[in-house]
Amino acid sequence: MNPYSYDIGKLEQKARAVRRHIIKLNAGSPAGGHTGADLSQVELITALYFRILNVSPDGIDDGERDIYIQSKGHAVGCYYCVLAEAGFIPLDWLPTYQHANSHLPGHPVRQKTPGVELNTGALGHGLPVAVGLALAAKKNHSKRRIFLITGDGELAEGSNWEAALAAAHFGLDNLIIINDKNGLQLAGLTKDIMNTDPLADKWRAFGMQVTECEGNSMASVVAALEGLKQEGRPNVIIAHTTKGAGVSFIQGKPEWHHRVPKGEEIELAMEELKDE
């Protein structure tokens with residue numbers, strides 16, 4: 001059971017708090033950050049940790065906990081902010097992001113950050129590991145579920161599709177793959193760099209159950225996550241998001257892949273993200 005089980009209104013309020021943390025966290029990093037990627041997935045990770053996942057700060061070693069893997073490891077800023085809001089790490093760690101000897105490095109590291117399940121950053125590794133965890137859970141008759149978020153650009157890595165074949169072959173319906181499909185990767189549009197469409201058809205061809213949602217609408221995200229069925233096939237949620245969602249001058253702009261707000265931009269972003 002999730003320790004919070006927030007309703008949609010509380011989840012939306014928490015998402016705004018997470019976005020404010022993301023702006024300050026990236027602005028204070030000496031090594032930059034991935035502001036656009038962080039902002040695009042806020043609703044997804046917030047819904048998971050405050051409503052869906054069977055995991056709590058007191059149970060990070062519980063053998064029956066659900067597992068979440070941040071496969072798009074460069075978007076770790078959002079992940080840290082959610083972990084802090086959910087009580088897995090102290091809020092006063094956030095200003096240390098990417099500083100020397102910080103518990104919060106530029107990609108997830110299990111040995112440094114409580115609550116992190118897998119070291120990621122080299123794209124395409126999250127799903128293969130998630131498949132192994134899901135298969136182990138099946139063999140151990142565990143009810144735990146394995147969730148992960150991938151970037152749509154990450155799906156150019158062939159290791160994902162090898163893992164998908166195995167997931168379908170073994171009937172891993174305890175595996176939930178969430179695609180943060182914001183249409184941008186690195187410096188341009190995914191459709192121009194390495195087109196993955198028609199993405200839903202591809203996943204179905206690999207034997208997956210596919211659901212699509214508006215990934216920056218909390219109600220749509222929750223409906224998709226709570227509507228999943230464990231009927232012998234892995235689940236894929238294609239979350240249609242906007243890179244940089246929530247801040248008008250960041251969203252949809254490729255240059256914010258590896259850019260952080262500075263000076264007046266910080267104030268402008270924080271003004272837009274005030275509680276309603």
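Reply: Serine 248 counts as partly exposed because its relative accessibility is 43%; buried means under 20% relative accessible area, exposed means over 50%, and partly exposed lies in between, using a 1.4 Å probe and protein chains only. This is a predicted model, in which local features need pLDDT of at least 70 and side-chain atom pairs count only at pLDDT 80 or more, while totals for chains, interfaces and linings use all residues. Residues are numbered from 1 along each chain as its sequence is written, and side-chain values use heavy atoms, with hydrogens and water left out.

Serine 248 sits in the loop between S7 and helix H10 (264–272). Helices (H or I, at least four residues) and strands (E, at least two) are DSSP runs numbered from the N terminus. Apart from neighbours within four places in sequence, serine 248 is in contact with Lys253 and Glu272, contact meaning heavy atoms within 4.5 Å. With glutamate 272 there is a side-chain polar contact of 2.5 Å. A polar contact is a pair of N or O atoms within 3.5 Å; within protein, one must be able to donate a hydrogen and the other to accept it, and residues adjacent in sequence count only if both atoms are side-chain atoms.

Alanine 187 is another surface site: it counts as exposed because its relative accessibility is 67%. It lies in the loop between strand S4 (184–185) and strand S5 (188–189). Its C-alpha is 6.4 Å from that of glutamate 255, although the two are 68 residues apart in sequence.

Moving inwards, asparagine 179 in strand S3 counts as buried because its relative accessibility is 0%. Its side chain makes a polar contact of 2.7 Å with the side chain of threonine 150. Beyond four places in sequence, the contacts of asparagine 179 include Leu155, Trp203 and Ile237.

Ile237 also belongs to the largest nonpolar core, which has 53 residues. Such a core is a set of buried Ala, Val, Leu, Ile, Met, Phe, Trp, Tyr and Cys residues joined through side-chain atoms within 4.5 Å. Among the members that touch the most others are Leu48, Tyr49, Tyr68 and Phe147. At least two residues each come from several elements, including helix H3 (42–52), helix H4 (76–85), strand S2 (146–151) and strand S3 (175–181). A second, separate core of 23 residues includes Ile67, Ala134, Leu175 and Leu199. Leucine 48, beyond four places in sequence, touches Asn2, Leu53, Tyr68, Phe147, Ile178 and Leu225.

Helix H4 is mostly covered, with 10 of its 10 residues buried. Among these are Cys78, Tyr80 and Glu85. They pack against H1, helix H2 (35–40), H3 and strand S1 (67–70). Glycine 87 follows H4 and has a positive phi, near 90 degrees.

On a 1 Å grid over the protein atoms alone, a cavity is a set of points where a 1.4 Å probe fits but cannot get out; lining residues have an atom within 4 Å of a point. The largest cavity holds about 50 Å³ of space, a volume being the space filled by probe spheres set on points joined across faces, edges and corners. Its lining includes Tyr49, Leu53, Tyr68, Arg65, Asp66 and Gly115. The lining divides into six nonpolar, one polar and three charged residues. Here Ala, Val, Leu, Ile, Met, Phe, Trp, Tyr, Cys and Pro count as nonpolar, Asp, Glu, Lys and Arg as charged, and the others, Gly among them, as polar.

Notes:
1 Å grid on protein atoms, 1.4 Å probe; cavity = no way out; pocket = protein on both sides within 12 Å on 5 of 7 lines; lining within 4 Å.
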